[in-house]
Structures are given as C-alpha cells and as structure tokens.
Amino acid sequence: MMSEQNNGISRRSVLKGAAVGGIGLAAGGSLLASCGSKDVGPMMWGGRGLEESSVQWHEAVKTAFETATGNTVTLNMNDAGAFQDNLSQYLQGTPDDGFDWMAGYRMQFYSDQGLLEDVSSVWDSIGDQFAESYKIASTGSDGKQYFLPTSWYPWGLHYRKSTMTELGLDPENIANWDDFMKMLEATKKKGLIGYALGDKGGWEAMGTFDILNARINGYQFHVDLLAGKEKWTDAKVAEVFKYFEMMIPYMNKNVLDISWEGMRDLLLQKKCGAMLMGSWFSGDFKTLSQADYDDLWIVPFPEINPTHGRDTIDAPIDGLCVAANGANPEGGKALVEWLASAEGMQARLDSGNTFTSANKGQDTSSYDPFQNQQLAVMGEAKYITQFLDRDTRQDFANPVVAPAIQNFLRAPKDITKILEGVQAQWDALPAL
Amino acid sequence: MTSTATNATVRRRRSFSPKDRLTLTAFVGIPTAFHILLVWVPAIGTIGLSFTFWTGIHISDIKWAGLQNYNNIFTGTPVFWDAIWHNVIWLVWFGLIATPLGILLAYQIDRQIKGHRFYESAFFVPVVLSLAVTGIIWNFMLQPGGFVQGMLGRDIGNPISIYGNYDINTYVILGIASWRHIGYIMLLYLSGLKSVDSSLKEASAIDGATEWQTFRKVILPTMKPVNIIIIVITVIDSLRAFDIVYMIYGSSTGWPILGILVFQNISGGGMSMKGAAYAVILFVLCIGPMITYLKQSFAEDVK
C-alpha cells in the first residue's frame, strides 16, 4: 500500500491464524554462541519505517552488531508501505542481505517463490530461544524456516491515562459492551472524540472488524471466515457490523480522511478518548517526550459475548528474512541470527525501543510499565491472530475487504449489499 | 504535385551512398529496436499476462486463465465500476469545463487584455509542477491539520472532512487537476494562436464580424490541428489520471480510478495478472484518441 505516507514502523505482522502462545519468561536466556569470530564480510540490512523512533533503534542495533562481531553493515531504511508494495521487485533485483519482514502467510508467499534464503541453520543454532508456535509461524510450506521473529505487539484500546482521569473514567474496568458505550458517551459529552478511527489506507479499520468479530463470534468463526470456510453473507457477520455501526456516532467525523498517523496524532494531542491500534506507534510518543509515553496505556478490547470473553487478540509478529538474491546470504544469516538473538534484542531494547521481544530468553527486567502491559494484554488472550490482511489471501484483503469496510463507513445502511459483494468476490477468486 | 514529390524522393533514394545507408539504418534502426524492446514487448507481454493466472515471479508458474480475469473485473469487482465512473466524470469535467476555460484564457491573453502578462504567468506556474507535486501540495493544503484547515481555525480534533467526504471529494480532486490542466491547455492554445495570421482577424473585423463570430468562424477553423491535439490530450489525461490521486489516497481505493487499480494489483504480491487486465482495459480506452493524435501529428509533419 502506498506512498501517501501510509505506513510506518508498521503494520507488519502476520501468520495465518496460527495461534501463538504467550512468551514464557524462561529463566536464563542463553546468549548467542559467538559468531563474531566468523569473517562473513560486509552485509546489507533493509529496514522498514522512516519514523524517527524506527530509524533510531535500527541504527543503535547496527552499531551494536558491528561492535560485537567486527562486521560492517550498511543499513538502508525504507518507507514501510513502499517497501511492502515493491517487495517482489526488490527481492528479484539486488536486495539487501537481511531485511525486516513479517511472519506467516506474508513470508510464505515469497519463500514459495524461492526468493528467500533457507535459514533453518540459524534455527538450529538459536531456535531454543523461541516458543514452538513462533517456529511454526517462521516455517515455509516446504517445512524449512525462512524467518526469524524479533518482536510482537498487541492491537488493543490505547488511551491517555491523564485524559481518562480527567473524564473520571477507568477503562481498565470496562466489563462489557454497555460499559464501553457508556465510556464513549461520557467522552463525547466532554467534547472529545470517543473512539478515534482512520481508514484512509483501507487497512486501519480492519483491526476494529477483527476484534468485533472475535468478541462476538469467537476465534474459530473469525479464522474460518478468513479462510473462506464461512460466508460473509452469514447473519453473524452482519451482527458484527451492527456493533461497528453503534460506534460510528462516537468516532471522528473524518474517518476516511485520516490514516493511522492521523489517529496517533488525535491521541497525542488529546483530542480523543480511546482508539484501537497496534502498540507500534508508542515509539512516536516516546520520541515526543517521556511524559507523553508514560501517559500512554493499553487495555484489551472489552468483552461482548460472554461465551468468548476476551480470549482473542491480534498480536502480529515482526522479524527478519534473508534474501536469496542478496550479495552475501551467509552474511545475511549471521546478521539475522544476531539481531533475533537475546543479545541482539537486548541491544534494541537498550536503545529505548518500545516493542516487546519475541525471544523467550529475553531479560524483561528492563521493560517499562507500558511494555509489561503489552505483554499482559497479549498474555491474557488464549488465541492470537495476526491481522486481517495477514490472515487471509492477499488478493482478497486489500482489494476486496478494504474497500468494503470503507464503503460501510460511508454508508452503513448498505451493509447487506456490501457483504453480498464481498462474498461474490471471494467466490470469484482463482483457486490458489 | 504528388508525382513530382514521389519522383524527387525516388531520385534521392537512388543516390544514397553506402555511408548514407549505414547512417540511416543506424538512425532508424537503433531507436526502433529500443522502441520495440521497451514499448512493444512489455505491451504485448502485458496483454498476454492479462489472460493468465500468475504470481509474477517464475515464468513456469503461469497458467492459462482465458477471460477469467476480465470476467472477474466486469462482474465481480464493484470497485472497477466506481473507478470507471470517476474516470468518466474526470473526462466530462475536463472536456466541458477545464479545457474550454483554458482556451478562453488563451484567447483573452492573446488579445492582450489588461494584465495579460500577469495572468499568463499565474496560470502557467502550476504547469511547471509535475502532477505528483501538485498532489503533494494540495494534500498538504487540505488535509486535517493542513494549511487551509488551519486558516479556518480547524484543528485535527475539529476538522472539515474533505478527501474522505464523498459528497465533495470528487469535485475537490477535479478542481486540483484543473488547477494544472487549465494552464496547460492555455499554453498549448496560446502558442497556436500566436501563429494565426493577424490579417485574418483584421479582415473579419473589417467585414463586421462580432468577437464571437471571429472566434468561431475564423480562429477555430484555422486552429484545427491544435484543437485536435487538445481534445486528444484532454481524453488521454482523463483516462490515465493517477499521480494526483495516488499522492492523496495512496494505493488504497479511497477514490478509485483505473490507474490506481492497475498499480494496486501489480504492486504487492500475486495479482499482477489482474493489474495487467486493468492496464489492457485502460489501453483499449486510450487507443482511439491516441491513434487520432498520431495521425494528426504525422499530418503536421508532412506539411
């Protein structure tokens, strides 16, 4: 998706519906066996995200890697959206050796095409630092690994503690939908936006759809719907949009004018109560000031259907791949091995990065309260999904679901027709 | 006349020395080779691709799809019809409003109305900017927290919805596109007007023609070649519109248009064949005006 500054550190993530267990806080992270002695030559690293917070941690980690191993790395930072749009061409041209990417389906498409280097040897070396579910998410359809996880983050309700205190609200104690509606109402009465949403990019509102569907119809229905085993014309899907519609009066009036940066800015400038977003943007709060970052908090989206409680969350995994056409694949492997190891992730955390590590051996004692809260929010869920545009076919998510949700936000009363259109387009897709 | 010209041509060709032949072969052959390689091969490849299923990476994965991509687009993709609709509105707007305004402007400036130099440069400035830059500028002006909203005292918490408001955004986009298009047409027409023999205008004035009659019966027919080029440019620019919309909405379908659909499907993974099919549709729509345009330019050259 696109130049228009869509993109950011980003919405990466992914893996098709594989449930990922919480990170165990295993004692004693085994530090990586030295790869410093190996002379693997200069290598290139393709990074995603041009935000200051993203560039900053990439540079810090690059320096740490060079110091630790004596190798020289050239870091090429890219606009996240443009990088994603051009990945196919990038990988067929002269790609960087190692590059930032997403697990699961998004990775598998490229490994199936032979564009990614098999990194099973790296998994043999540091695989014991990751939960089994992460290995599944890193495995291509041929059973080999093509991805190293580095971080993950939750899609939850983000808000400013100070704003909620002023409003006399406590989002941590929202028991159900009625309470949630009351919270939105109370926020609106004070002249703020109750629920900030942007959907200019077409993908942002998928997060709200994901969580509503999981809360109302449960994890299994959500996964089956995205796999085409359930129909979009099912009354259960219409029910999801009924709830979605109830939230519209509390949203900003320019949902289709703003992208995720617009949402972030509404929260930054205290114009809204809460918003559903991935925690990746928290780095931008920290860049602005420590006080703004300390004020930021996240809770899980409230329960709607007691049968499902709050058992599901979108918590995408980010990480690294090695390009098969890179100039130095061996160097790329050494790079991603170090970056994904507990030592490499520690360097990233030490640089002030606000993500949480995907490494189960990570020493979490340096985590700030917001990072611990991210872990708690993800840890509470029994089922982990990635994100709609990562959990289903690429030729369906953005070309079909994105405009459908945009059309719904324009004209909610057309939802029946819109959903019929979505199903018809699913049915018309070529077999994979 | 004709036969003399032909004889002259034949005589000249006979007198080509081997060196001349070599030079001519190089001058004609090299550009032709590049043209075929860089234009025709990809174009034919794209047409072929639109009849397949292909992820766009390994040639061996190509599967024949017949008309399925087209069937999918015409019957199963509502956003395609939204895009066609936007292209049509764009064309109608340019044809009935922007282009005539550019012509009117050129005519007035050519008459050297008061302050014509100022108007000429003012309308010319946007033409210097690429369409992409035009999109960036206007996105910055009108987006929430942008310049215009700021002047109106609207902050991001209390904005006016513009690009996301479907009652007005079509006209806003067309306004932005016209901002540049009017100047472009003015420029083209002005250069045409400068070459109109002023004695024609004087003659019609002496004969008692009104301003409008002079324009319609004298200037317009004299300007026929320029008129055709302007019509063709208006049609092609409306159909291939992409840059401004991309700069404002990105590759999402916030304001779908054919050019965006081509890009959205080809970028990302696995749908290049559908993007190719959109490109072929666009090509078919453009080819009529293009042939007219080329015919006209060749006719010009021969003169």
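Modeller: Start with Lys270(A), which sits in the loop connecting helix H11 (260-268) to strand E7 (272-278) of chain A; helices here are DSSP runs of H or I with at least four residues, strands are E runs with at least two, and both are numbered from the N terminus. This is a predicted model, so local features need pLDDT of at least 70 and side-chain atom pairs count only at pLDDT 80 or more, while totals for chains, interfaces and linings use all residues. Residues are numbered from 1 along each chain as written, with chains lettered from A and ligands numbered from 1 in written order.

What does the backbone do at Lys270(A)? Its phi is near 55°, a positive value in a residue that isn't glycine. Most residues other than glycine have a negative phi. Lys270(A) counts as partly exposed because it has 15 C-beta neighbours inside 10 Å (20 or more would be buried, 12 or fewer exposed, with C-beta atoms placed from the backbone).

Gln112(B) isn't a glycine either, yet its phi is positive, about 60°. Gln112(B) is also a loop residue, lying between H4 and helix H5 (116-128) of chain B, but with 9 C-beta neighbours inside 10 Å it counts as exposed.

Another chain B loop, the one between helix H9 (198-206) and helix H10 (211-222), holds Ala209(B). Ala209(B) is partly exposed, since 16 other C-beta atoms fall within 10 Å. Leaving out residues up to four places away in sequence, Ala209(B) touches Ser204(B), Thr214(B) and Lys217(B), where contact means C-beta atoms within 7 Å. Val172(B) is 37 residues away from Ala209(B) along the chain, and their C-alpha atoms are 39 Å apart.

Back in chain A, there's an open, mixed sheet of 6 strands, ordered E2-E1-E3-E10-E4-E11; strands pair if DSSP finds at least two bridges between them. Strand E2 (73-78) and strand E11 (356-357) of chain A are the edges, each with a single partner strand, so one side of each has no neighbour in the sheet. Further in, strand E3 (residues 98-102) and strand E10 (residues 317-322) of chain A run antiparallel, joined by 5 bridges. In one of these pairings, Trp101(A) has Gly319(A) in E10(A) as its bridge partner.

H1(A) packs on this sheet, touching strand E1 (43-48) and E2 of chain A, at about 170° to the direction of E2(A) (axes are lines fitted to C-alpha atoms, for helices over the stretch in contact, and angles run from 0 to 180 degrees between N-to-C directions). Helix H14 (residues 329-340) of chain A lies across E1, E2, E3, strand E4 (148-152) and E10, at about 155° to E10(A).

Trp57(A), Ala60(A), Val61(A), Ala64(A) and Phe65(A) of H1(A) meet Gly344(A), Ala347(A) and Arg348(A) of H15(A). That contact has 6 nonpolar, 1 polar and 1 charged residues (Ala, Val, Leu, Ile, Met, Phe, Trp, Tyr, Cys and Pro are nonpolar, Asp, Glu, Lys and Arg charged, the others polar, Gly among them).

Finally, the two chains meet through 38 residues of chain B and 40 residues of chain A.
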